[in-house]
Amino acid sequence: MAATLTIPTKFSPFPFAALSIAASTGKSVLVFDETAAGISLILNGSTITEEEEIVQALAKEGGLSEDSSKTPSFFALAKSLRTITAHPELVAALDSLDNFLAFRTFLVGHSITSADWIVWGSLKGSIKILGLLKNNQQPHLLRWFTYLDTLKETRSVLAELAAAKATKARSNKTAAGFALGLQNAIDGQVVTRFPPEPSGYLHIGHTKAAILNQYFAKMYHGKLIIRFDDTNPSKEKTEFEDTILEDLQLLDIHGDVVTHTSDHFQTLYDLAIKLVKSGKAYADDTLQEQMRAERMNGVASIHRDDSVEDNLKHFDEMTVGTEEGLRWCLRAKMSVDDPNKALRDPVIYRCNLLPHHRTGDKWKVYPTYDFACPVVDSIEGVTHALRTNEYRDRNPQYQWMITALELRKVNIWDFSRLNFIYTLLSKRKLHEFVNKGLVRGWDDPRFPTVRGIRRRGMTVEALTQFMLSQGPSQAVVSMEWDSIWSTNKKIIDPIAPRHWAILTKKSVPVTIQGGPASLEIKAVPKHKKNAELGEKKTLYSSLIIVEQEDAQSFEDQEEVTLMDWGNAIVRSKTVDATGIVTSIVMDLNLEGDFRKTKKKITWLANSTSASQEPVTLLDYDYLITKKKLEEDDNVADYITPVTEFREEAVADANVNDLNKGDIIQFERKGYYVYDGITNGVKEFILIPDGRTSSIASKAGLNAAAQPAAVAVSAAPATPAPVSRMYTMDKIYDEDIKQDGASAMYKMDSVYDS
């Protein structure tokens with residue numbers, strides 16, 4: 001049986017080393033318990049309460065190498081780091097560690113050991129040390145620390161800690177269920193299931209369920225079932241099963257077994273007959289609208305007390321699919337007027353003559369989800385059914401089915417459904433966007449499908465961290481996109497190679513006086529803070545190009561920094577009649593101090609095709625202009641008119657080494673994912689970084705309140721006077737005029753001359 005590590009989130013100093021080595025080795029189940037007096041590890045019947053001993057015990061269990069006599073000294077160092085308060089002593093200790101790591105990857109040997117984790121934990125727990133490391137005065141120590149800090153297991157367990165801290169104020173066990181784990185869970189025996197309907201592509205709403213199911217299965221060393229809920233032939237197709245499995249691969253989710261509800265059709269049918277024979281189900285031919293009204297008002301169906309024989313006869317007609325049988329359905333005999341309307345005799349079987357994509361014409365009757373789900377969960381050995389809390393009213397119905405059929409009990413674990421602003425998750429509405437050509441397919445970067453958000457640069461790590469950080473929240477809210485994209489940025493920033501791109505439109509040629517007489521090539525790091533990414537080739541020339549926006553900002557005789565080169569002084573700037581900069585002359589000043597310049601500029605050699613590659617930079621807006629559509633809203637009224645924005649640019653030729661799906665940063669522009677080649681040109685999609693400017697709707701300031709179909713007629717354009725200044729659009733487009741009297745004093749237009 002696995003060890004159990006219990007940690008109260010308020011414990012100080014917080015045992016980061018014990019937490020992370022437990023996650024790294026996978027040899028302990030982690031429990032956050034606010035009622036615990038302190039940290040404790042239960043291992044092989046013994047209880048350990050000191051962090052140093054816990055780290056050593058888990059290292060031994062995990063088989064971490066411990067072949068150095070220096071290990072005890074690092075444990076002593078970790079302990080002293082927690083007590084040093086004087087700044088000079090702290091810096092000296094960090095410098096000593098930095099020197100030690102200058103030619104070493106790890107503290108002891110050639111792999112991670114308990115020495116690494118114990119020292120890392122001390123650094124992680126000190127705000128003062130973290131602040132000093134940010135100054136980058138100990139580069140080797142920072143490299144080592146960042147490596148441990150960004151390991152997948154470390155990030156995951158820190159996300160669990162954040163989730164536990166977010167819920168520590170909650171007093172009831174149900175609310176704290178996520179932080180504490182699953183109820184009645186036995187290590188090695190937990191079985192979860194992810195049951196998508198094969199009627200569409202997975203979207204971001206599904207990812208939370210998929211990730212949580214896999215998370216708990218792994219946490220308890222159990223099993224994950226991927227089960228296709230294929231009980232409705234009207235919607236389902238084999239192709240959707242294939243795409244859903246592909247989507248799960250994109251999420252790095254791998255089930256231990258793939259099953260289908262249709263595998264159990266005969267068993268489900270036999271159990272339905274068992275319900276009828278026991279008087280717990282009856283056949284009903286009440287019209288749908290009347291049945292809905294009767295259930296709402298607590299009125300019994302006229303067939304509720306029909307005999308077992310009559311009910312079996314009608315169910316037989318349904319089974320054959322006769323004209324008479326098509327009029328009937330089968331209902332569970334639960335209650336007529338229970339306050340929980342989900343218990344008012346729900347339908348459990350109905351007719352459908354369409355062929356099933358797996359069983360063909362064998363069946364004419366199919367179970368509803370409410371009947372099939374609890375039955376198949378119990379039959380397949382599921383121990384914990386994770387369901388969004390929109391099903392909470394149906395939980396008693398779920399348990400009624402299991403009790404009535406005398407099946408094995410299944411635990412239910414609720415979590416909140418995930419919704420995002422400006423986002424449609426309805427399969428029917430998403431189908432409309434595809435069918436009407438408003439998007440290019442289910443993998444369109446504007447779509448909230450798994451394929452769409454992954455294509456836009458969302459990483460599996462960010463999705464996982466974000467979903468786990470939601471914890472056991474039961475609130476159903478429409479979330480902003482900023483948090484999840486901010487999480488994504490933190491993951492991609494340390495590993496995204498840096499490149500440059502200059503917009504083709506209005507790019508400015510610059511002559512560098514004192515530059516190289518011929519083209520020079522130098523190797524520079526792809527990422528200044530991550531040497532492991534390797535180097536790229538940068539071409540230097542006396543003729544370069546810069547952005548028009550940068551050129552506009554240059555002052556006469558101003559000294560600027562050309563990134564990865566050095567300083568240069570602006571000697572002259574040519575501007576046309578409209579204010580557009582057409583050329584610049586600079587003097588190279590490599591002796592200049594880059595720390596004293598205000599502007600650090602990206603540039604590209606303007607000589608041969610060897611230095612530049614034509615690219616297209618893509619950005620997208622939300623598909624709808626309203627944050628949250630109400631039930632009576634017509635989607636067509638809120639479709640964003642323009643949602644794709646293209647800019648032509650030239651990038652450094654190093655982008656030719658990229659593979660589709662690679663994530664980079666075009667410095668001073670943003671993070672991009674390489675989307676492939678279209679019409680011979682490489683296309684890069686902008687990845688939102690969580691900042692307001694990257695996630696705000698571009699449809700207009702009042703777009704959320706106004707249907708997109710409302711158009712504003714444009715007034716005739718007035719010729720602008722000739723000026724050496726570049727043109728600026730009016731803040732309010734054309735002047736706003738108010739009709740009628742006003743108590744306000746009169747103000748002349750700021751644009752009147």
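Ile663 has Val673 in E30 as its bridge partner. This is a predicted model, in which local features need pLDDT of at least 70, side-chain atom pairs count only at pLDDT 80 or more, and totals for chains, interfaces and linings use all residues. Residues are numbered from 1 along each chain as its sequence is written, and side-chain values use heavy atoms, with hydrogens and water left out.

**Strand pairing**

Strands (E) are DSSP runs of at least two residues, numbered from the N terminus. Two strands pair if DSSP finds at least two bridges between them.

| Strands | Direction | Bridges |
|---|---|---|
| E16 (residues 498-499) and E29 (residues 663-666) | parallel | two |
| E29 and E30 (residues 670-678) | antiparallel | four |

E29 and E30 form a hairpin, with three residues between them. Arg668 sits in that turn and has a positive phi of about 70°.

**Cysteines**

The structure holds zero disulfides. A disulfide here is a pair of cysteine sulfur atoms within 2.5 Å. For Cys329, the closest cysteine sulfur is in Cys351, 9.0 Å away, so it is too far for a bond.

Buried means under 20% relative accessible area, exposed over 50%, and partly exposed in between (1.4 Å probe, protein chains only). Cys329 is buried at 10%. Cys373 is buried too, at 3% relative accessibility.

**Val575**

Val575 lies in strand E23 (residues 566-575). Its relative accessibility is 27%, so Val575 counts as partly exposed. Gln552 is 23 residues from Val575 in sequence, and their C-alpha atoms are 9.1 Å apart.
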